[in-house]
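Subject: Structure handover

Hello,

Here is the structure I promised to pass on. My notes follow below it.

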2 protein chains.
Amino acid sequence: MRLLLVEDDPTQRLPLQIALRQAGHMVDAVPDAETAEGLWLSKDYDLLIVDWMLPGWSGIELCRRYRQAGKGAPILMLTAKDTTADTVAGLDAGADDYLIKPVDVLELLARVRALGRRSPHWLGDCLTVGDLRLDLMTLTVHYRDQQVMLAWQEFRLMEMLMRQPQRVFGREYLEANLWEWGSEPESNALSRLVYRLRQRLSPLGCGEFIATVHGLGYRLNPSGLTDASAG
Amino acid sequence: MRLLLVEDDPTQRLPLQIALRQAGHMVDAVPDAETAEGLWLSKDYDLLIVDWMLPGWSGIELCRRYRQAGKGAPILMLTAKDTTADTVAGLDAGADDYLIKPVDVLELLARVRALGRRSPHWLGDCLTVGDLRLDLMTLTVHYRDQQVMLAWQEFRLMEMLMRQPQRVFGREYLEANLWEWGSEPESNALSRLVYRLRQRLSPLGCGEFIATVHGLGYRLNPSGLTDASAG
DNA sequence: TCGTCACTGTCATTTTGATGTCATCTAGGT
DNA sequence: ACCTAGATGACATCAAAATGACAGTGACGA
């Protein structure tokens, strides 16, 4: 999942970031709400994890602005033990769950998993578009009788394309959402990624799963698949 | 089986642990419920054996939290003779059986066997995936006309893979579940184990029973087997 | 009691795979 | 025809996994 972690104390932020990343998530970790807003305006997240005691905006302010931006991802608050009133206010303001600090990493991971299943992006164990099927557990693409296993990034790209099969994804959007904040590539890594994904899919037989929309970006190829919904 | 033994008195815990281990089980033995929770959140057990008189959390509290974590393994209480009310409360709270202290080791072993058969993991004397069959009594793998006997650890790994043939098992998960708490290997023992298991299986003819999912872990190879459910 | 062998963990090294970067080529669009 | 976005090739780098060599341990039989 794509997570946005907002926590001002680096000694708490870094361990959390590492643990979440090891659990297989993509984590953008920022120290304050302003930076966070800059990020959520330009990319999409599946879950926000927010320390409620922030310099600058309060957690409530953050919640409100995030929801005002029309974003629907769940928000998980990290609160101190004795701030029940704050917690309640936070839940009212649009947060979805909370965790008492100091954070139990295992519990956090469990919550992330639980919330992740609730996310609108989660469609079960498979994504299906026409004859094409993406197995989210095994990172495998199935087409007719054949299957191919993807690398991690290739899988993430494929997943994005398949979640919105008719959408044209801009290159900048893809670069922002496939790489973590601060580690965006400085070259044509996206071209490379698309190229490699196409190569890996080509043995499946169907010529062009991924179409280039010149000057705009990429999309799943509607004619490359037997898919009624693509039209 | 993978057992979690919670007992604060070392003079009782150690003999039980040894007896259970000699009976062929993998035993994580801990002195208190908090430690136990840390363990069950990160690994899976087939059975919990819990002294009902614990410092800190009561047995009931332990039960409740274990079930809240979504875990389904049976719980076996160890209670004093005169605490019938407690026992009943424990059964209400989600425990499955009880034993009166002082513990009769032979009876404990019998109960463990009995509960083990009730466990959702137990499928009879054999596990079968496609043409592959694992005999749980003799630690033997059968494929077509041939068979190989496995070492103890190789067997445990094979068993885990075959119980959930489509699942990708993370390296950390495997290390946590194949080794007892506190005796986890500090090297690439898991790589070694997989390597040796593959070598042992290779004479069976089918090329790649165990597939590596780079960066994620291992899984049973769906295409290496004649398995309808894999497609 | 000693030697052998199977099992298993550790270290060191090699191999494989994923991914980013540079340079060059190609095709689409005007 | 020209210009630019994108595709492709060659390659570097880094991490993950496989492999080889070996040592400790414990079981077993001579």
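Which residues of β4(B) are buried on one side, and which on the other? Ile75(B), Met77(B) and Thr79(B) are buried on one side. Leu76(B) and Leu78(B) are buried on the other. Buried means that 20 or more other C-beta atoms lie within 10 Å of the residue's own; exposed means 12 or fewer, and partly exposed is in between, with C-beta atoms placed from the backbone.

First, the ground rules. This is a predicted model: local features need pLDDT of at least 70, side-chain atom pairs count only at pLDDT 80 or more, and totals for chains, interfaces and linings use all residues. Residues are numbered from 1 along each chain as its sequence is written, while chains are lettered from A and ligands numbered from 1 in the order in which they are written.

**Strands in chain B**

Strand β4 of chain B spans residues 75–79. Five of its five residues are buried. In a regular strand, side chains alternate between the two faces of the sheet. Strand β3 (residues 47–51) of chain B runs parallel to β4(B), joined by four bridges. Val50(B) is opposite Met77(B). Strands pair if DSSP finds at least two bridges between them. Helices (H or I, at least four residues) and strands (E, at least two) are DSSP runs, numbered from the N terminus.

**Helix pairs in chain A**

Helix α3 (residues 59–68) and helix α4 (residues 84–93) of chain A have axes that come within 9 Å and cross at roughly 5 degrees. α3(A) and α4(A) are therefore roughly parallel. Axes are lines fitted to C-alpha atoms, for helices over the stretch in contact, and angles run from 0 to 180 degrees between N-to-C directions. Under 35 degrees counts as roughly parallel, over 145 as roughly antiparallel, 65 to 115 as roughly perpendicular, and the rest as oblique.

The axes of α6(A) and α8(A) come within 10 Å and cross at roughly 90 degrees. That makes α6(A) roughly perpendicular to α8(A). Gln153(A), Glu154(A), Leu157(A) and Met158(A) in α6(A) meet Leu193(A), Arg196(A), Leu197(A) and Arg200(A) in α8(A). Residues are in contact if their C-beta atoms, placed from the backbone, lie within 7 Å. This contact has four nonpolar residues, one polar and three charged. Ala, Val, Leu, Ile, Met, Phe, Trp, Tyr, Cys and Pro count as nonpolar, Asp, Glu, Lys and Arg as charged, and the others, Gly among them, as polar.

**DNA**

DNA strand C is surrounded by 27 residues. Among the closest are Ala151(A), Pro185(A) and Trp152(B). A residue is near a strand or molecule if its C-beta atom, placed from the backbone, lies within 6 Å of it. α8(B) gives the most to this surface, with four residues. The surface divides into 12 nonpolar, eight polar and seven charged residues.

DNA strand D has 19 residues around it, with Tyr195(A) and Thr212(B) among the closest.

**Backbone details**

The peptide bond from Lys101(B) to Pro102(B) is cis, with omega near 0 degrees. Pro102(B) is in the loop between β5 (97–100) and α5 (105–118) of chain B.

Two residues other than glycine have positive phi: Leu139(A), near 55 degrees, and Arg144(B), about 50 degrees. Leu139(A) counts as buried because it has 22 C-beta neighbours inside 10 Å. Arg144(B) has 12, so Arg144(B) counts as exposed.

Best wishes

Terms used:
Contact = placed C-beta atoms within 7 Å.
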